[in-house]
Amino acid sequence: MKTFARFLLVGTMLLARCAWATEPSPVAFAKSVVSEHGSQTFATVSYPDRSLIVEFRLEPYSAGKATAVRAFGEITKKIAQGAFSNFPKIKSVQIIGNLSLRDKRGHDTVDRAVMVKFSKVKAATIKWESVDPANIVEIADKHWILPELGTDKK
């Protein structure tokens, strides 16, 4: 009887551990949101010290500079809203959008075009369903936008 009880206890512990392992992590969640538009989209996601950091290319989501900020806002809205509601231990979410740019001399480079950072406190005050994706950048705790994108935003 003791052997059966031990077997049952070990089996329960293994099942509980497997159930925990199948729960999505903040990293997996963010990667799934970025890759919704196609598996060719690559995101670099990290989770140091309970801060989710997501960096991805904007080209698959926007046709040009005019739509890049709106596309970035749509993805940011999904990631930030979902991360804070599904993972209560997250302290902040930082999202970086990269864009292929051509300088004055005709050289193509991929560089940061827009960045936002939301703290848990600030995110709790936002009514995410009502926010226009084009305005996500302005309501963040910290933000930076490439000057060329700021003039084409509207």
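Trainee: Which residue in β2 is the bridge partner of A43?

Mentor: One caveat before we start: this is a predicted model, where local features need pLDDT of at least 70, side-chain atom pairs count only at pLDDT 80 or more, and totals for chains, interfaces and linings use all residues. Residues are numbered from 1 along each chain as its sequence is written, and side-chain values use heavy atoms, with hydrogens and water left out. Strands are DSSP runs of E with at least two residues, helices are runs of H or I with at least four, and both are numbered from the N terminus. With that settled, the bridge partner of A43 in β2 is F56.

Trainee: Do β1 and β2 pair in the parallel or the antiparallel sense?

Mentor: Strands count as paired if DSSP finds at least two bridges between them. β1 and β2 have 4 bridges, and they form a hairpin with 4 residues between them. The sense of this pairing is antiparallel.

Trainee: What value does phi of D49 come near?

Mentor: D49 sits in the loop between β1 (43-46) and β2. D49 counts as exposed because its relative accessibility is 59%; exposed means over 50%, buried under 20% and partly exposed in between, with a 1.4 Å probe and protein chains only. Its phi is positive although D49 isn't a glycine, and it's near 50 degrees.

Trainee: And R50: what is its relative accessibility?

Mentor: R50 is in the loop between β1 and β2 as well. Phi of R50 is also positive in a non-glycine residue, near 60 degrees. R50 counts as partly exposed because its relative accessibility is 40%.

Trainee: Back to F56. Which residue forms a stacked aromatic pair with F56?

Mentor: The structure holds 3 aromatic pairs. For F56 the rings are 6.1 Å apart centre to centre, with 15 degrees between the planes; the rings of Phe, Tyr and Trp (its six-membered ring) pair if their centres lie within 6.5 Å, and planes under 30 degrees apart are stacked, over 60 edge-to-face and the rest tilted. The pair links distant parts of the chain, strand β2 (residues 51-57) and helix α3 (residues 65-86), 16 residues apart.

Trainee: Which residue stands opposite N98?

Mentor: N98 lies in strand β3 (residues 92-102). β2 and β3 pair in the parallel sense over 7 bridges. The residue opposite N98 is R57.

Trainee: Why does N98 count as buried?

Mentor: Look at its surroundings: leaving aside neighbours within four places in sequence, N98 has contacts (heavy atoms within 4.5 Å) including E55, F56, R57, V110 and D111. N98 counts as buried because its relative accessibility is 11%.

Trainee: What is the strand order of the open sheet?

Mentor: The open sheet has 5 strands with mixed pairing. β1 and β5 (142-145) are its edge strands, as each pairs on one side only. Neighbouring strands are turned by 15 degrees against each other on average, direction ignored; axes are lines fitted to C-alpha atoms, for helices over the stretch in contact, and angles run from 0 to 180 degrees between N-to-C directions. The order is β1-β2-β3-β4-β5.

Trainee: How far apart are the C-alpha atoms of I136 and T76?

Mentor: I136 is in helix α5 (residues 136-139) and counts as buried because its relative accessibility is 0%. Not counting residues up to four places away in sequence, I136 touches G73, T76, K77, V116, F118, W128 and V131. I136 and T76 are 60 residues apart along the chain, yet their C-alpha separation is 7.6 Å.

Trainee: Zooming out, what share of contacts between residues at least 6 apart in sequence joins residues at least 24 apart?

Mentor: The protein has 6 helices and 5 strands, running α-α-β-β-α-β-β-α-α-β-α from the N terminus on. Of its 154 residues, 37% are buried. The share of those contacts that join residues at least 24 apart is 57%.
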